[in-house]
Amino acid sequence: MSDETLLRVREVTTTFDTPQGRLTAVDGVSFDLAAHESVGVVGESGSGKTVLSRTIMGLQPRRGVSVTGSVLLNGTEVVGATEEAKRELWGRQVAMVFQDPMTSLNPVVKVGRQIDEVLRVRLGMDRSAARARAIELLEMVGIPAAVTRYGAYPHSLSGGMRQRVVIAIALAGSPQLLLADEPTTGLDVTIQAQILNLLDEVQGRLGMSMILVTHDLGVVATRTTRLVVMYAGRVVETGTTRDVFARHRMPYTRALLESSPKVSNPSHTRLAAIPGRPPNLLDLPTGCAFAPRCAYATDRCTSERPVLEPADEPGHLFACFNPLPLRVGSPS
Amino acid sequence: MSEALLSVRDLSVAFGPRGRRVSAVDGVSFDVVAGETLGLVGESGCGKSTTGRALMRIVEPTAGTVTLEGVELTAASGRALRERRTAMQMIFQDPISSLNPRRRARDIVAEPLDCWKRAEGEERRRIVDELLAQVGIDPVAYGDRYARQFSGGQCQRISIARALAMRPKLLICDEVVSALDVSVQAQILNLLEDLKAEYGLTLLFIAHDLAVVKNISDRVAVMYLGRLCEIGPADTLYDAPAHPYTKFLLGAALEADPEAPRRSEVLEGEPPSPLNPPSGCRFRTRCPFATERCATETPALREVAPGHQVACHYPLVVPVRDRRTEGDGAPTGTTPPAEGRAAG
């Protein structure tokens with residue numbers, strides 16, 4: 001387990017100073033990621049999943065943010081690293097694919113040059129070698145007529161094509177870890193399937209590790225080996241994807257699973273909705289953050305904060321005082 | 001035959017000047033029967049939202065007719081149109097921007113009543129409070145709060161209350177849950193089901209999410225590049241899609257189940273530009289079954305099973321009877337709602 005650990009996240013806490021007070025977006029998160037592994041980070045808006053991925057990347061504004069804990073990427077500490085040190089990591093060790101391909105590309109620079117930049121600045125390639133490699137990368141991410149598209153501006157490409165370009169940029173430095181933050185949100189279903197298949201394929205081909213951050217359980221179900229479920233900045237359950245889906249113990253995990261409609265269910269299936277909404281991070285309850293919405297909450301849940309404890313299966317942890325009993329058979 | 005509440009015939013909407021004309025909706029016909037929910041599903045740019053807007057005449061149809069309870073909306077104008085429009089209300093995707101942030105929840109819901117002078121004073125207040133309570137907003141605690149103080153899910157509830165204020169027959173829901181978190185999305189879907197039963201509403205539910213559409217709809221219509229591909233009972237259409245596009249669309253839907261088989265067939269490419277749509281069947285450029293006939297002849301909607309119609313020369317479900325062309329003026333896409341499904 002530990003010999004091939006690529007990423008070690010320990011007790012990471014990220015807080016923001018806001019005019020309304022200090023906001024804890026990520027609260028004591030720990031997990032490991034092995035080489036070649038893909039982990040899904042799942043949660044609703046405000047769960048801290050995006051801030052967590054940016055903290056791992058070392059991407060924060062300089063002011064008003066404080067990060068404690070440790071993010072060890074291939075032996076290098078990211079938390080507290082200087083800009084120079086982080087620049088050494090970015091591109092070659094870790095790269096990121098952001099949610100919105102419209103805004104993550106520069107609209108006034110041709111896409112080819114945006115890929116070249118990585119190759120020339122980070123890998124020291126000369127202009128013609130960079131161009132050849134950029135076209136190769138465009139082909140690798142499935143962009144037809146790559147030579148023509150090399151000279152295209154982002155606005156002339158569709159959303160799916162733009163996301164392919166963003167992936168090509170991320171892959172340019174052959175990173176060991178790819179962070180994909182909602183890479184398919186906002187794309188059509190058929191395009192979403194194409195992009196997820198592409199990520200899968202390049203991850204296997206290049207032997208990368210991947211962190212897939214999403215609100216959509218469908219995205220991670222068949223494409224990750226492990227899951228981290230977040231709620232209000234904390235990890236509430238983690239384990240193999242299979243265990244989290246079939247043998248989850250934390251009521252929030254179940255609520256998340258059961259409240260989303262499924263194509264395989266007959267029409268008019270009543271959804272198991274949970275009341276209320278995710279809490280305000282500026283005003284978190286003392287105990288379990290999910291307690292106000294939880295059907296199983298007791299006095300202890302509102303006064304004391306549950307910590308992650310092991311379930312029966314290896315590597316499966318949950319934070320709950322009143323865990324769900326295991327159901328016989330696996331729910332579909 | 002049970003009569004249709006809403007009848008859409010050959011509806012077309014085109015934007016832009018001659019030469020650069022975008023055909024957003026092209027010859028779409030369907031009926032919505034009183035009491036049913038018709039889901040309208042498709043990817044971005046397929047014309048589903050434009051169809052919804054054209055029904056309300058928020059955008060003007062370039063051709064075709066829209067008939068609500070026997071009155072042709074496309075022929076009405078001025079006060080007559082506005083009056084008819086009170087019977088159909090629309091709810092939009094972005095709940096926060098569809099409400100004025102500087103108005104109070106109560107005033108937002110009361111606005112349609114004030115416009116039409118339907119109620120005032122004590123009665124107005126009673127109706128508004130009742131509507132807010134129905135959508136799950138406590139009128140006493142939250143009625144006087146400003147729209148900006150509510151979350152997305154709560155704003156969507158207020159939008160629903162406002163739409164219900166005129167007691168509409170038909171509610172057009174355009175991507176009403178796609179901006180919401182899953183846990184809140186489930187609340188809104190359940191709320192719509194409850195209100196539909198309580199107010200006897202008929203719903204046209206426009207969305208891109210296949211699971212959401214199946215969950216709420218009695219019948220589902222699939223659109224691609226401005227045209228209707230297939231329409232049929234929700235469960236049948238999802239179990240046995242007749243149009244190749246529907247099959248690919250369903251195949252691309254992600255199931256939240258690690259044991260689900262990974263589908264290998266992924267639809268290649270992207271939809272062509274509506275500026276210059278393909279001749280014949282608009283899906284033919286991406287369809288693995290396309291032949292020359294698909295390029296020359298536009299497939300018409302025809303029945304493959306009772307109430308299940310498809311616009312494809314080579315449907316995946318064998319038609320009950322291949323020739324069914326007589327009486328070509330017959331309404332398309334009409335089936336009574338499934339009566340078996342009671343409140344479940």
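This is a predicted model: local features need pLDDT of at least 70, side-chain atom pairs count only at pLDDT 80 or more; totals for chains, interfaces and linings use all residues.
Two residues are taken to be in contact if their C-beta atoms, placed from the backbone, lie within 7 Å.

Select residues 1-93, 177-186, 206-261 and 272-332 of chain A as one set, which the domain assignment calls domain 1, and then residues 101-174 as another set, which it calls domain 2. The centres of domain 1 and domain 2 of chain A, taken over C-alpha atoms, are separated by 31 Å. Where the two sets meet, six residues of domain 1 of chain A are in contact with nine residues of domain 2 of chain A. On the side of domain 1 of chain A that touches domain 2 of chain A, the residues comprise three nonpolar, two polar and one charged.

**A residue in strand 1 of chain A**

Next, select A:Glu11, which you will find in strand 1 of chain A, a strand that covers residues 5-18. Is A:Glu11 buried or exposed? A:Glu11 is exposed, because 11 other C-beta atoms lie within 10 Å and a residue with 12 or fewer is classed in that way.

**The largest nonpolar core**

Now show both chains together and colour the largest nonpolar core, a set of 190 residues in which A:Ala168, A:Val236, B:Val109 and B:Ile158 touch the most other members. Helix 7 of chain A, residues 159-171, gives the most to this core, with eight residues. Centre the view on A:Ala168 and, leaving aside neighbours within four places in sequence, look for its contacts with A:Ile115, A:Leu137, A:Leu138 and A:Val141.

**Two packed helices in chain B**

Moving to chain B, select helix 3, residues 105-115, and helix 4, residues 121-134, which pack at an angle of about 115 degrees with their axes 9 Å apart. In this arrangement helix 3 of chain B passes helix 4 of chain B in a right-handed crossing. To see the contact itself, show B:Ala105, B:Arg106, B:Val109, B:Ala110 and B:Leu113 from helix 3 of chain B, together with B:Arg124, B:Ile127, B:Val128, B:Leu131 and B:Leu132 from helix 4 of chain B. By class, this contact between helix 3 and helix 4 of chain B has eight nonpolar residues, two charged residues and no polar ones.

In the loop between helix 3 and helix 4 of chain B, select B:Lys117, whose phi is positive, about 50 degrees, although B:Lys117 is not a glycine. B:Lys117 counts as exposed, because it has 8 C-beta neighbours inside 10 Å.

**Where chain B meets chain A**

Finally, select the interface, in which 40 residues of chain B are in contact with 42 residues of chain A. Helix 7 (182-199), helix 8 (210-216), helix 9 (234-239) and helix 10 (244-252) of chain B each supply at least two residues of the side of chain B that touches chain A. Which helix of chain B gives the largest share of that side? Helix 7 of chain B does, with seven residues. Sorted by class, the side of chain B that touches chain A holds 20 nonpolar, 10 polar and 10 charged residues.

For a last stop, select B:Pro258, in the loop between helix 10 and helix 11 (292-296) of chain B. Not counting residues up to four places away in sequence, B:Pro258 touches A:Ala221, A:Thr222, A:Thr241, A:Arg242 and A:Phe245. B:Pro258 counts as buried, because it has 21 C-beta neighbours inside 10 Å.

Methods: Residues are numbered from 1 along each chain as its sequence is written. Chains are lettered from A and ligands numbered from 1 in the order in which they are written. Helices (H or I, at least four residues) and strands (E, at least two) are DSSP runs, numbered from the N terminus. Ala, Val, Leu, Ile, Met, Phe, Trp, Tyr, Cys and Pro count as nonpolar, Asp, Glu, Lys and Arg as charged, and the others, Gly among them, as polar. A nonpolar core is a set of buried Ala, Val, Leu, Ile, Met, Phe, Trp, Tyr and Cys residues joined through C-beta atoms within 7 Å. A residue is buried if 20 or more other C-beta atoms lie within 10 Å of its own, exposed if 12 or fewer, and partly exposed in between; C-beta atoms are placed from the backbone. Domain bounds come from an automatic or database domain assignment. Axes are lines fitted to C-alpha atoms, for helices over the stretch in contact, and angles run from 0 to 180 degrees between N-to-C directions. A crossing is left-handed if the near helix is turned anticlockwise from the far one by less than a right angle, and right-handed if clockwise.
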